[in-house]
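Work through the exercises below with the sequence and the model side by side. Each task is followed by a solution in steps.

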Amino acid sequence: MKDKIAQVTGIGIKTETLEKIALSVNLFEDWLQAHFNPTSLLREWPILALDDKGTVVSGTADLIVETPQGVWVIDHKSDLVDDPVEAFGNYRAQLASYAAALTKEGKTVLGVAINWTRLGVVTSQNLESS
């Protein structure tokens, strides 16, 4: 896909930068396989539901990781943060609303996570014991 980035974005990107992007994507994909052994990956998955208060929850989950046990919601963030664990709290409500919407659809949501793309770090919250 790296050869299509300039075409899709309309931005010329140096070969060196494209190689770094490709390496980051490959490392994340390897991490997904090692941590979840997914049965499927749903990318840019639309979410539309009513919450318990009757408010419309509308958004796009960057990644839904399906496993035999249930699903994980993963959002990609490019924020430049010093403490990804602390910064996770800024997005907890968004992730919780996606998890609740998927639960209403009959999915077993095992957890939520953020892939901090600038850091190459993933922070997560397991929901099985919450």
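The model is predicted: local features need pLDDT of at least 70 and side-chain atom pairs pLDDT 80 or more, while totals for chains, interfaces and linings use all residues. Residues are numbered from 1 along each chain as its sequence is written, and side-chain values use heavy atoms, without hydrogens and water.

**Exercise 1.** Determine the strand order of the sheet and identify the strands at its edges.

*Solution.* Step 1: take strands (E, at least two residues) and helices (H or I, at least four) as DSSP runs numbered from the N terminus, and pair two strands if DSSP finds at least two bridges between them. Step 2: the five strands then form an open, mixed sheet in the order 1-2-3-4-5. Step 3: strand 1 (40-50) and strand 5 (121-126) have a single partner strand each, so they stand at the edges.

**Exercise 2.** Describe the pairing of strand 4 with strand 5.

*Solution.* Step 1: the two strands run antiparallel and are joined by six bridges. Step 2: within this pairing, Ile114 has Thr123 of strand 5 as its bridge partner.
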